[in-house]
Amino acid sequence: MGTTSTRDRIVTAAARLLQRQGYVGTGIKQIATEAQATLGSVYHFFPAGKGAVAVAAIEHSGQEFAELLRVALDSEQSPSAAVEACTHQLAEALRDSGWVEGCPITAAALETLGTDSEIQRVCAAALRGWEQLVHDKLLLSGFRAEDARDLASTIISTLEGAEVAAQVNRSEEPLRAAGRQLARLVGSYETNRSAD
């Protein structure tokens, strides 16, 4: 296998481990084992060690989640229906993972709170990127920029919390309930716009 595929395996393995175990609970040897790579290979691609692997893994996970979000948002023309479709997809994916693969950045973000670390910066960038996707969907649907910005922040924050609640309760219902309520919220803006 080429060097790119080895690096990709390392990043993907680290992403899954961070998602399931967090940054503190994931060791560099475990990343190498999961990636079917040598420890030397991990340090070859990431000479700065575990922190550098984590940054690449979080960026990878953030992009994967962004793609899932983009597909879900594009699956429906109506923003309210799109947001609800997104929560259904997240609920099903979480259930299918055995309740262990929720938000790809939550564990690392919470473990590094209060630090000015690169991990914290990439977690924040991922959240901003997800909000931007929702914001853009709303803008394209005719929402005012200020409303789109506030709603995007609310939607991503709600999805984050609902995913954690779904994991803890081992139930899709927190995400599905969040989807129903977010759809009502977004729908109320759609109704107001059509009444104007």
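Axes here are lines fitted to C-alpha atoms, for helices over the stretch in contact, and angles run from 0 to 180 degrees between N-to-C directions. Helices (H or I, at least four residues) and strands (E, at least two) are DSSP runs, numbered from the N terminus.

A quick note on the ground rules: this is a predicted model, where local features need pLDDT of at least 70, side-chain atom pairs count only at pLDDT 80 or more, and totals for chains, interfaces and linings use all residues. Residues are numbered from 1 along each chain as its sequence is written, and side-chain values use heavy atoms, with hydrogens and water left out.

**Helix packing**

| Helix pair | Angle between axes | Axis distance |
|---|---|---|
| α7 (residues 118–140) and α8 (residues 145–169) | about 130 degrees | 8 Å |
| α4 (residues 50–74) and α5 (residues 79–96) | roughly 135 degrees | within 8 Å |
| α4 and α7 | roughly 10 degrees | within 9 Å |

For orientation, angles under 35 degrees count as roughly parallel, over 145 as roughly antiparallel, 65 to 115 as roughly perpendicular and the rest as oblique. So α4 runs roughly parallel to α7, while α7 and α8 are oblique to each other. The α4 and α5 pair is oblique too.

On handedness, a crossing is left-handed if the near helix is turned anticlockwise from the far one by less than a right angle, and right-handed if clockwise. The crossing of α7 and α8 is right-handed, and α4 also passes α5 in a right-handed crossing. From α4, that contact (heavy atoms within 4.5 Å) uses Phe-65, Leu-68, Leu-69, Ala-72 and Leu-73, and α5 brings Ala-82, Ala-85, Cys-86, Gln-89 and Leu-90.

Where α4 meets α7, the α4 residues include Phe-65, Leu-69 and Leu-73, and the α7 side includes Cys-123, Trp-130 and Val-134. Trp-130 and Val-134 are also among the α7 residues that meet α8, where Ala-148, Leu-151 and Ile-155 are among the partners.

**Cysteines**

How many disulfides does the structure hold? Zero, taking a disulfide as a pair of cysteine sulfur atoms within 2.5 Å. For Cys-86, the nearest cysteine sulfur is that of Cys-103, 12 Å away. The sulfur of Cys-103 lies 8.2 Å from the closest cysteine sulfur, in Cys-123, so the gap is too far for a bond.

Buried means under 20% relative accessible area, exposed over 50%, partly exposed in between (1.4 Å probe, protein chains only). Cys-86 is buried at 1%, and Cys-103 counts as buried at 5%.

**An annotated stretch**

UniProt, in an unreviewed entry, lists residues 27–46 as "DNA-binding region"; its positions are given in the numbering used here, feature names are shortened, and annotations may be inferred rather than shown by experiment. Over residues 27–46 the chain is 70% helix and 0% strand, with the end C-alpha atoms 14 Å apart.
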